[in-house]
Amino acid sequence: MITDKVKQETVLNLIDKLQYFDYDKVLDRIRKTVKKPGILVAGATGAGKSSLINHLFGMEVATEGSGKPVTDRVTRYEPEKVDVVLYDTRGYEIGDEKAQQFYKEVVGYVKEANESKDVKNHIHLVWYCISAANKRVTPMDLDIIASLQGLAKVCIVLTQIDTATVVELKEMRDTIAKKLPDMPAFGVSIDPRVPAESQEWDEMLDWSMDNLESGMQLALAQALGKELRIKRMQADKLVHRYVIAAAGAVVCPLPMTDSAVLVAIQTTMATHLFNFWGIDRGTDKIKDVFVNVVIANTGRVFSRSLLKIIPGAGTMASAVINSGVATSFTYAFGRAVNEVCYKAAAKLAAGDKIDFTSAFAVDVLMKLVDKYMKRKSN
Ligand SMILES: Nc1nc2c(ncn2[C@@H]2O[C@H](COP(=O)(O)OP(=O)(O)O)[C@@H](O)[C@H]2O)c(=O)[nH]1
Ligand SMILES: [Mg+2]
């Protein structure tokens, strides 16, 4: 039929148009709505604050000169690519007579920030770093922590645990437990020789997630570098948002040829997931590949899957999408993109290269979409 053919061409044109997809623009729009958690990384000079930040966020997020001093001792970093605001404290040495000044300034700053109406400056979490190399927790540390406790969610990070013995660490923990009974304390090190079972990165991050509201959990998960376990826990939450958007977009059954709005939801979701998994943190070239491969294939997977699942639809022109079809496809496609992104992120974390063309090939995506369509309806 001529009309069928014409309409089919409309869909193909739409898919062609997706090749001009503006990645940065779409991502900008997404990231404007993000509520970023504010995290204060406090502690003495040499406690390992910068190392901790680099370890978790996978890049030199808080480098000299990229931050903005908000007081003499507190520098605010709002990295371009990751969805957290970090505050680094600087300038006191252990035993420094100026330490008292530091105390006043940092506590005062957090109080002022959290009382201010500007939520963008709020500090939600405090990671208070005490180096195990000090072998002790000072009364001043305990004082500052006690004062911060009333202002934000605070945990102690015992850093550089490779530099202390088990007994010394236990003594530090005992001091904390005695003075601040409910204060969580997590022992960590960036030394890869420290066995995973003596590290408490997982516990520290789980505590952090538990103390953030849902939207900020998603933002923290986005910001993390190689912590794929946390990302995985949050990724499906992100898909769920787009499933809801798809349901909202298809209030009445929609002819397939008018499905541009749905394709836009899928491509935005794919972009969001790609950014969430941190795959776009490398070169700008990755974005081009993403647009040419993933975005182009989104339209293809969409039309192929829909023709498969819509009963009695022989052609795109006669196919009608109802809300059930729209949500189950969005769900399945989101899960599929998540799975491919997870594998890609794991490869990147291991230092391997990714071949996007084969990783996000139509057949690969179709197979996963089929799998998740079945899983949902069972
Ligand atoms: N042994 C060991 N050294 C560390 C660890 N973390 C950081 N360091 C070293 O401790 C020094 C101070 O770390 P840095 O992150 O700059 O501390 P900051 O002043 O608190 O930002 C640097 O030389 C780091 O390489 C760790 O887990 N173990
Ligand atoms: Mg530093």
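Colleague: How many helices and strands does the chain come to?

Modeller: The secondary structure amounts to 14 helices and 9 strands, and please keep in mind that this is a predicted model. Of the 378 residues in the chain, 40% count as buried.

Colleague: And the contacts, what share of them join residues at least 24 apart?

Modeller: If we take the contacts between residues at least 6 apart in sequence, 74% of them join residues at least 24 apart.

Colleague: Let's turn to the sheet. In what order do the strands come?

Modeller: The order is E2-E3-E4-E1-E5-E6-E7, which gives an open sheet of 7 strands with mixed pairing. The edge strands are E2 and E7, the latter covering 185–187, and each of these pairs on one side only.

Colleague: What packs on that sheet?

Modeller: Helix H3, residues 49–57, packs on the sheet and touches E1, E4, E5 (125–131) and E6 (153–159). The direction of H3 makes about 145 degrees with that of E1.

Colleague: What does "mixed" come down to, say for E1 and E4, parallel or antiparallel?

Modeller: Strand E1, residues 38–43, and E4 run parallel and are joined by 4 bridges, with Leu 40 standing opposite Tyr 87 in E4. E3 and E4, in contrast, run antiparallel, and here too there are 4 bridges, with E4 spanning residues 85–89. In that pairing, the bridge partner of Thr 75 is Asp 88 in E4. As background, strands of a sheet pair through backbone hydrogen bonds, either parallel or antiparallel.

Colleague: How is E2 joined to E3?

Modeller: A hairpin connects E2 to E3 through 4 residues. Strand E2, residues 68–69, runs antiparallel to E3, and 2 bridges join them; Lys 68 stands opposite Arg 76 in E3.

Colleague: Which way do the residues of E3 point, and are they buried or exposed?

Modeller: In E3, residues 74–77, Val 74 and Arg 76 point one way while Thr 75 and Tyr 77 point the other way, and all of them are buried.

Colleague: Okay, new topic: helices. At what angle do H10 and H12 pack?

Modeller: Helix H10, residues 260–276, packs against helix H12, residues 323–349, at an angle of about 25 degrees, and their axes are 10 Å apart. With that angle, H10 is roughly parallel to H12, and the crossing of the two is right-handed.

Colleague: Which residues meet there?

Modeller: From H10 there are Leu 262, Ile 265, Gln 266, Met 269, Ala 270, Leu 273 and Phe 274, and these meet Ala 326, Thr 330, Phe 333, Gly 334, Val 337, Asn 338 and Cys 341 in H12. By class, the contact of H10 with H12 has 10 nonpolar and 4 polar residues, and no charged ones.

Colleague: Where is Val 188 found?

Modeller: Val 188 sits in the loop between E7 and helix H7 (201–210). Val 188 counts as buried because it has 27 C-beta neighbours inside 10 Å.

Colleague: What does Val 188 touch, leaving out residues up to four places away in sequence?

Modeller: The contacts of Val 188 are Val 157, Thr 159, Ile 161, Gln 199, Glu 200, Trp 201 and Met 204. Ala 132 is 56 residues from Val 188 along the chain, and their C-alpha atoms are separated by 9.3 Å.

Colleague: Last topic, backbone angles. What is phi of Lys 135?

Modeller: Phi of Lys 135 is near 65 degrees, a positive value in a residue other than glycine. For context, most residues other than glycine have a negative phi. Lys 135 is placed in the loop between E5 and helix H5 (139–149), and Lys 135 is partly exposed, since 13 other C-beta atoms lie within 10 Å.

Colleague: And Gln 160, where does it lie?

Modeller: Gln 160 lies in the loop between E6 and helix H6 (166–179), and this residue, although not a glycine, has a positive phi of about 55 degrees. Gln 160 counts as buried, because there are 23 C-beta neighbours inside 10 Å.

Terms used:
Residues numbered from 1 in each chain as written. Chains lettered and ligands numbered in written order. Predicted model: local features only at pLDDT ≥ 70, side-chain atom pairs only at ≥ 80, totals over all residues. Axes fitted to C-alpha atoms, helices over the stretch in contact; angles between N-to-C directions. Parallel < 35°, antiparallel > 145°, perpendicular 65-115°, else oblique. Left-handed = near helix turned anticlockwise from the far one by under 90°. Contact = placed C-beta atoms within 7 Å. Nonpolar A, V, L, I, M, F, W, Y, C, P; charged D, E, K, R; others polar. Buried ≥ 20, exposed ≤ 12 C-beta atoms within 10 Å, placed from the backbone. Pairing = 2+ DSSP bridges.
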